[in-house]
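Please read the following note with the sequence and the model open side by side. It goes from single residues to the whole chain and back again.

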Amino acid sequence: MDKKAQKGDKRMATLKRAGKKLTYVSSGRIKTLDAELPLRLKSIMNNLNEVIAQHHPDQVAVEQVFVNINPKSTLMLGQARGAAICAAALNDLFVAEYTALQIKQAVVGNGHAKKEQVQEMVSRLLGLSSRPGSDAADALACAICHAHGGLGLGNTSTQGYSMKRGRLA
């Protein structure tokens, strides 16, 4: 369905929820400019503003950053997330954040699932004709996690809550 994102590009996905039924709406790349950081962050915000204007989402879900081996990459990802969160906030949208573990647990039932398992479950849950690429599957899985109640609470709203040490706070 989707090809691997180019270096620096970020993934996004939109779903429609009617009761318990989820329907695929779109997924794609948020292209970033090959420019200085402020212009790259501005392009992320501008592209997300276009997506928001086109699809009119009610809420936004974002994957939390984990610290990896390269601190520079972690910092850059955090800045890109900040731009995405700002775009949502400027459009008065609620933003939920989930760890990769929470997303995989919600979609696959195993917080340590492999990428192929996430791709397969995303395809099945959304009734797609083929498996999405791994980056698209990650974005769709984040949306599915949020649509299913995010923190494992079913239909209970998680708005205004966060996770601290594995507990709802």
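1. Helices here are DSSP runs of H or I with at least four residues, strands are runs of E with at least two, and both are numbered from the N terminus. Ser-43 counts as buried, at 9% relative accessibility, where buried means under 20% relative accessible area, exposed means over 50%, and partly exposed lies in between, with a 1.4 Å probe and protein chains only. Leaving aside residues up to four places away in sequence, Ser-43 touches Lys-31, Thr-32 and Leu-33; a contact means heavy atoms within 4.5 Å.

2. Some caution about the source is in order, since this is a predicted model, in which local features need pLDDT of at least 70 and side-chain atom pairs count only at pLDDT 80 or more, whereas totals for chains, interfaces and linings use all residues. Residues are numbered from 1 along each chain as its sequence is written, and side-chain values use heavy atoms, with hydrogens and water left out.

3. As for the chain as a whole, its secondary structure comes to 5 helices and 6 strands, and along the sequence these follow the pattern β-β-α-β-α-β-α-α-α-β-β. Of the 169 residues of the chain, 36% count as buried. Among contacts in the chain with a separation of 6 or more, 52% are between residues 24 or more positions apart. The accessible surface of the chain comes to about 10,400 Å², and 53% of this belongs to carbon and sulfur atoms; such areas come from the Shrake-Rupley method with a 1.4 Å probe, and for residues only the protein chains shown count as cover.

4. How do the strands S1 and S2 run, and how many bridges join them? Strand S1 (residues 10-18) and strand S2 (residues 21-30) run antiparallel and are joined by 9 bridges, two strands being paired if DSSP finds at least two bridges between them. Met-12 has Gly-28 in S2 as its bridge partner. The two strands form a hairpin with 2 residues between them, and Gly-19 in the turn has a positive phi of about 65 degrees.

5. Is the loop residue Leu-128 buried or exposed? Leu-128, which lies between helix H4 (115-126) and helix H5 (134-147), counts as buried at 15% relative accessibility. Leu-128 and Tyr-24 are 104 residues apart in sequence, yet their C-alpha atoms are 8.0 Å apart in space.

6. A last point concerns the cysteines. The structure holds 0 disulfides, a disulfide being a pair of cysteine sulfur atoms within 2.5 Å. Cys-145 counts as buried, at 1% relative accessibility, whereas Cys-86 is partly exposed, with a relative accessible area of 39%.
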